[in-house]
Amino acid sequence: MRFGFHQAWLILAFMLIGVSTGVRADIAPDTFIAEAFEQQANTQAKKIWLIGDKKRVTTEILGHPYHFLRVGYWQNPHFPNRRVWILQEIGKERMIDVGIQIERHKIQKLRVLAFRESRGWEVKLPFFTKQFEGIGLTDSHDLSNRIDAITGATLSWRAVTKLARMALYLDKQVEAEAQ
């Protein structure tokens with residue numbers, strides 16, 4: 001198949017648009033965790049059980065029970081007020097993996113680590129994920145700030161937003177249990 005001058009420029013333009021929009025490939029959870037703790041050694045994987053009130057509240061947040069009875073998070077003694085959560089939720093049909101770094105009850109960083117849906121991939125873009133930075137949780141388990149929806153990505157937007165709420169809630173529970 002031969003490409004003419006115009007077809008070659010069109011292909012190059014689409015390639016450059018893809019690069020400039022910041023669409024990222026999947027991020028390994030280990031990479032997200034290492035970056036959150038600035039590559040420091042002694043990062044510890046821990047678990048919190050979803051039983052009692054924790055199960056009830058996370059079910060209310062998600063609209064269904066979480067698919068695991070235990071949820072993993074990571075801590076590092078160099079950063080005593082920081083925790084990293086790796087959570088999953090179904091967008092429309094497939095799982096979306098999200099990494100959430102929380103410090104002092106506020107989201108410091110949120111990244112979509114793996115996106116498997118055919119639509120709604122815009123939730124991976126920085127313009128969307130940066131909206132979560134600095135957000136906390138209200139007493140009614142809502143986010144403290146509004147997250148702008150994305151037309152055509154409603155189910156993905158909901159999934160990521162629910163996971164942010166769940167991580168903030170569980171983070172408060174971990175801190176309360178430590179005291």
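**Charged pairs and nonpolar cores**

Reply: At 38% relative accessibility, R116 counts as partly exposed, because that value lies between the cut-offs of 20% and 50%. Please note that the model is predicted.

Me: Which side chain does R116 meet in a salt bridge?

Reply: Side chains of opposite charge can pair when their charged atoms come close. Here the side chain of R116 meets that of D97, at 3.0 Å from N to O. R116 lies in the loop between β5 and α4 and D97 in strand β4, so this pair ties together parts 19 residues apart in sequence. D97 counts as buried, at 11% relative accessibility.

Me: How many salt bridges does the structure hold?

Reply: There are 11 salt bridges. One of them joins the side chains of R83 and D171 (2.7 Å, N to O). Since R83 belongs to strand β3 and D171 to helix α5, the pair ties together parts that are 88 residues apart in sequence. Both R83 and D171 are buried.

Me: Which residues have the most contacts inside the largest nonpolar core?

Reply: In soluble globular proteins, nonpolar side chains tend to be buried together. The largest nonpolar core in this model has 37 residues, and those with the most contacts inside it include V71, W85, L87 and M166. Helix α5 gives the most to this core, with 10 residues. A second, separate core has eight residues, among them I33, F79, V84 and I86.

Me: What does V71 touch?

Reply: Leaving aside residues up to four places away in sequence, V71 touches several residues, including I48, Y66, W85, L87, M166 and L170.

Key:
Residues numbered from 1 in each chain as written. Predicted model: local features only at pLDDT ≥ 70, side-chain atom pairs only at ≥ 80, totals over all residues. Heavy atoms only, no water. Core = buried A, V, L, I, M, F, W, Y, C linked by side-chain atoms within 4.5 Å. Buried < 20%, exposed > 50% of the residue type's maximum accessible area, 1.4 Å probe, protein only. Helix = DSSP H or I, 4+ residues; strand = E, 2+ residues; numbered from the N terminus. Contact = heavy atoms within 4.5 Å. Salt bridge = Lys/Arg side-chain N within 4 Å of Asp/Glu carboxyl O.
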